[in-house]
Structure formats: structure tokens, C-alpha cells
Amino acid sequence: MHLLGDLTVEEFLRDYWHKKPLLIRNAWPGFEPLLSAQELAGLSLEEEIESRIVEEQGKDGPWSIRKGPFSEDDYQALPESHWTLLVQAVDHWIPEAAALLEHFRFIPGWRIDDLMISYAVDGGSVGPHYDQYDVFLLQAEGQREWRIGQMCGEDTPFLKGPKIRILENFEESGRWVLNPGDMLYLPPALAHYGIAQGECQTYSIGFRAPALAELAPMVLDDVMDHACDDQRYADPDLAPQTTPGLIDHAAANRLRALLMSAISDDARLQSILGRLMTEAKYPEHLPDSIDLPDDTSVTTLLSQAAVWQKAEFARFAYSEHPDHCCFYALGECHRLPPENLPLVAELANNSQYDSKTLKALIAGSDAAQLVRSLMSRQMLYNPEADYGN
Ligand SMILES: [Mn+2]
């Protein structure tokens, strides 16, 4: 099943992805919510689960936001209308929610951020705003009206009072009421405003695009690690100077050439993306490592289950190079011989693994060591076993 209605994946990527909004009626025919409103509220009582409640008229003024964990009393005290509960990264806690994200693998998996579920009572909204992320908004239960507005940017003004970013101006350019199974795709920076019509649940499938400010320190570290003393500003093209104090554009071009040569290696840039994009979303909530018996081979350990599952908290990626391949997990790069490419591809392109397939792909000690380490750090688990996730 693909979720793009009449469009092919190629057409969607060419005409809409990262460019313009798209409404897909009945994208997921017969969609049933994974959790009831009560179960979702239950998640928001948990310490380690990131949740927020937004009230249009709260104690601290319009568009007030509170962070979870919440209590039963918090819910008792809420008004009958005009509030929204947002629960982040539901895919980390509910395997069925992680499985839902698999339907969005027509976008690189390492671009996926999480599944956020929003439950709203009648009139509930988080206000007119924009995000830096691409997002698919899948209507899971009830109805929500979505209005879309203008493209925003750095200079777009926000209301001064609220702690959440609410646009000062919203220039409506379209509106639709979404029913269960309908889906709206929004590119980054497009203003949008969703308002619940009665109780409803909306699933937001968000995609991360790393900011230059996040990437720059990693790029700098990489440049510093590889810099040699003979990589210097060089001016063999120097022309006679009548203004010896001037730093001219030719100087800027020479510096640019030096910097470009320092970041020209694809493998190093792939490693930066691989490490950044597989970092844990909640590093403080990683499970403890488990001790695996030293005298038991990894293939014997894998024989304990017919199927192994990628942990919901884990993000895997890989890259392919002439003389090696890399596997990325938890922000680390594991460098392996080129013959292990089929193994790292299997791990990163899927989220469930046939035990026989994995065993057949483990060739050599580096591969065995990698899989053992994924098992011991609980990034691979046996879904049948009760220690599970
Ligand atoms: Mn949004």
C-alpha cells in the first residue's frame, strides 16, 4: 500500500515534496487509531514521555502551553473545549506506531523524526504557526479543519505574549476538513492552522532536516581532525597591488577554495550525516546494556528467535564506499570491510529481520562484533521475549 492516492511516488517527490502542500483524500482507507484518547492521555502521565497541553485560553493567557507529565487532576481541571494534548515520539513506545512509520519509507528513513499524536477537544488548536519540518498530517479519528497560509521565514512576526510561536498574521490560502484516513502533506515554512471539529486525533509524521548550526560543529571537528599544515591560504594568482591594505574579493575566493577543499570528501560528509541523523532522540532514556555470554557465537544467539526487531528508539543508516562500508547507529560510525555491505544494508533498510537472513549475512569478525553489540545494547531484540524493549 502507498499513501499518495493517485500520485506515484516519483510524481509526489518531483512536484510536492519540500515544495508545496498536498491534500490526499482517503490516503489510508479504513484507518483506525492505534490508541484511544484515554490511552493517549495515559502516555502523558509517564515521566519519560514528552507531552504538552495547549489551551487557547489558559491560566497564563492566550495559547498557554504546559509540559507533561500530567496527572489525572490536570485533566479534571481542563475546560470542555479549546485544548489539545500533544504526545511526541509515540513510535518510541508503541511498536504499532513504529510500524506505521514504515509506510513512509519512500522518504529516507533517517529523515524521519517521529510520530506525534495530537488529541483535541472541540475547537482545540495549537494556533496558526509554521514548522521547519516536512510533515504528513494523517487524520486518525474525528474531524479537523486545516487552513493553510503563506510561506514564512526568518522575518515572519510572532505574537509577543505566548510561549509557543503563534503567527501575528495568517494569510489564508486554502482550507479543508479532514476525515479519518485523509492526509495533508505540508512542506517546511508553510503557515498552517488546524482546528478540531468535535473531538479528534491527528497523527503528525515529521521529518528532520538538520540545521547548519547543528552540522557546523561536526563539520569543524572533521576539518580539524584532517587538517594538514600544508593546507593553507595560497595566492599564486596574485596581481600587482596599488592598495596594499585592501582585502579584495580575490582573497575571499582563495579562502573559499581552501574551505571547499577541506569539505570535499563525500565519505566524511556521509559520516557526519550518518552520525547526526542516528543520534538518540532521548539519550537519557536508553536501555541498559545486557551481558551476552562470551563463549556463545552471535549466530547461536540469533538462533534464539526466528525474527529480530529493530528497537523503536534506534535509528540505523549506512553508507557505501569503494574500500569499506559504514553502519551508523546511536550517533556512532561503525566502519566495516566492503563485503559486509549486504549486512549493513539489510539492517538499515528494514526494521524486522529474519534470523536466517541475518546469520547468512554475517561474514567475518567485524560483522559478528557489530551484531553482537547491537544485541547487547538492545538495539536488536527478540519481540517474543519478555525483556523485549
Ligand atoms: Mn505544525
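Two strands pair if DSSP finds at least two bridges between them, with strands (E, at least two residues) and helices (H or I, at least four) being DSSP runs numbered from the N terminus. What you have here is a predicted model, where local features need pLDDT of at least 70, side-chain atom pairs count only at pLDDT 80 or more, and totals for chains, interfaces and linings use all residues. Residues are numbered from 1 along each chain as its sequence is written.

Let's start with E5. Its pairings look like this:

| Pair | Sense | Bridges | Residues standing opposite |
|---|---|---|---|
| E4 and E5 | antiparallel | 4 bridges | Val 87 and Ile 117 |
| E5 and E9 | antiparallel | 8 bridges | Ala 120 and Cys 200 |

E5 is also mostly covered, with 9 of its 9 residues buried (20 or more other C-beta atoms within 10 Å of the residue's own; 12 or fewer is exposed, in between is partly exposed, and C-beta atoms are placed from the backbone).

Which residues is Ile 117 in contact with, leaving aside its neighbours within four places in sequence? They are Leu 40, Val 87, Val 90, Gln 201 and Tyr 203, where contact takes C-beta atoms, placed from the backbone, within 7 Å.

Terms used: Two residues are in contact if their C-beta atoms, placed from the backbone, lie within 7 Å.
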